[in-house]
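My notes follow in the order I made them.

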Amino acid sequence: LTAAATAVAVCLSASATLAQCDEGEIVIKFSHVTNTDKHPKGIAASLLQSRVNEEMNGKACMEVYPNSTLYNDDQVLEAMLQGDVQMAAPSLSKFEKFTKTFRIFDLPFMFKNMEAVEAFQSSEAGQNMLTSMERRGLLGLGFWHNGLKQFSANKPLLVPEDAAGLKFRVQPSDVLVAQMEALDASPQPMAFSEVYGALQTGVVDGQENTWSNIYGQKFFEVQDGITETNHGLLDYMVVTSVDWWDGLDDDVRDQLGTIVKEVTEERNAAIAQVDADNRQAILDAGGTIRELTEEQRAAWVEAMKPVWEQFEGDVGAENIEAAQSINM
Ligand code: LMR
């Protein structure tokens with residue numbers, strides 16, 4: 001089969017279930033792992049899908065596969081390099097195999113708030129990161145925000161010592177492993193889709209994630225409570241394959257690139273509200289949220305910040321400096 005015939009065949013088989021693609025349209029499969037309702041990535045991917053399907057009708061069509069229904073994050077980048085999926089937005093921690101520079105985003109307490117994250121990602125240092133994996137076949141089209149992470153466990157966590165000895169699910173990332181070791185906790189890298197079950201059955205005692213993931217996956221139901229630590233970042237890179245992107249006709253690539261950029265700006269600008277809504281939704285559903293005193297928070301910073309030194313060589317001291325100057 002020629003590439004075009006394959007595209008048509010894929011398109012037709014997909015249209016049987018999703019009823020979206022017309023014959024001859026370029027099919028853009030977007031695979032992700034979160035829920036769609038209320039979730040920053042789910043909302044952004046759905047908006048991208050509806051804009052592409054409306055504005056590029058006849059040229060291209062997008063099919064979004066949420067909730068790890070097509071791939072989990074361990075598989076999706078390989079699948080993209082094979083041409084089985086064209087877009088995804090894995091969290092920045094998931095690029096571990098492709099670049100060490102992205103480790104800056106996992107370092108605990110690197111960014112004061114989401115404004116600092118936005119400023120860093122928009123800076124020259126941040127924008128250069130989008131193209132830093134081109135040699136490995138991956139191209140970043142933009143950063144999508146989720147938010148800052150909170151800890152939860154099957155017992156109250158108020159000071160770092162409370163986490164000692166507990167097993168925590170982390171995303172597969174050496175920085176996050178080191179972060180949990182700095183707390184004398186036991187890190188357990190695990191796919192997102194497995195976390196609820198692991199918390200429920202006691203395979204792990206706790207986890208770290210954002211308000212929208214804690215709400216969307218209902219982690220709060222199987223935890224004692226969530227501690228508002230804001231200790232790390234969970235953001236995304238919208239990624240595509242260099243081969244696929246370069247193979248598009250100029251007008252298609254330009255139009256798609258513009259839509260991605262506009263969706264990125266629109267949804268990133270709304271992140272504070274989406275985050276607050278998810279935090280509130282946890283409370284409304286009966287979840288417990290504990291806030292820290294300044295003193296307690298300082299103890300978490302003191303326990304985890306030494307991790308920076310371990311990864312300074314990977315990340316680049318100049319990038320850390322750039323991020324820190326934005327925090328001022
Ligand atoms: C996780 O694995 O916890 C997150 O990266 C999931 C996501 O995409 O928000």
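**Entry 1: α2 and α10**

I looked up helix α2 (residues 40-55) and found that α2 and α10 pack at an angle of about 145°, with their axes 10 Å apart. Axes here are lines fitted to C-alpha atoms, for helices over the stretch in contact, and angles run from 0 to 180 degrees between N-to-C directions. Helices (H or I, at least four residues) and strands (E, at least two) are DSSP runs, numbered from the N terminus. I noted that this is a predicted model, in which local features need pLDDT of at least 70, side-chain atom pairs count only at pLDDT 80 or more, and totals for chains, interfaces and linings use all residues. Residues are numbered from 1 along each chain as its sequence is written.

I recorded the crossing of α2 and α10 as right-handed (left-handed if the near helix is turned anticlockwise from the far one by less than a right angle, right-handed if clockwise). On the α2 side I listed Pro40, Ile43, Ala44, Leu47, Leu48, Arg51, Val52 and Glu55, which meet Leu256, Ile259, Val260, Val263 and Arg267 in α10. Contact means C-beta atoms, placed from the backbone, within 7 Å. By class, I have ten nonpolar, no polar and three charged residues in the contact of α2 with α10. Ala, Val, Leu, Ile, Met, Phe, Trp, Tyr, Cys and Pro count as nonpolar, Asp, Glu, Lys and Arg as charged, and the others, Gly among them, as polar.

**Entry 2: the five-stranded sheet**

I traced an open sheet of five strands in the order β2-β1-β3-β10-β4, with mixed pairing. Two strands pair if DSSP finds at least two bridges between them. β2 (60-65) and β4 (138-148) are the edge strands, each pairing on one side only. Helix α3 (residues 73-81) packs on this sheet and touches β1, β3, β4 and β10 (233-241), its direction making about 20° with that of β10. I also found helix α10 (residues 250-269) lying across β1, β2, β4 and β10, at about 15° to β4. Strands β1 (residues 26-31) and β3 (residues 87-88) pair in the parallel sense over two bridges, and Phe30 has Met87 in β3 as its bridge partner.

**Entry 3: the six-stranded sheet**

I read the order of the six-stranded open sheet as β7-β6-β8-β5-β9-β11, with mixed pairing. The twist averages 30° from one strand to the next. α6 packs on the sheet, touching β6 (167-170) and β7, and its direction makes about 155° with that of β7.

**Entry 4: α6 and α13**

I next took helix α6 (residues 174-182) and helix α13 (residues 307-315), which pack at about 160° with axes 10 Å apart. They are therefore roughly antiparallel to each other (angles under 35 degrees count as roughly parallel, over 145 as roughly antiparallel, 65 to 115 as roughly perpendicular and the rest as oblique). Val175, Ala178, Gln179 and Ala182 in α6 meet Val307, Gln310 and Phe311 in α13. I sorted the residues of this contact into five nonpolar, two polar and no charged.

**Entry 5: the ligand**

Which residues surround the ligand? I listed Val33, Thr34, Lys41, Ser91, Asn146, Gln171, Phe192, Asn209, Asn213 and Leu234, a residue being near if its C-beta atom, placed from the backbone, lies within 6 Å. By class, I have three nonpolar, six polar and one charged residues in the shell.

Notes
Two residues are in contact if their C-beta atoms, placed from the backbone, lie within 7 Å.
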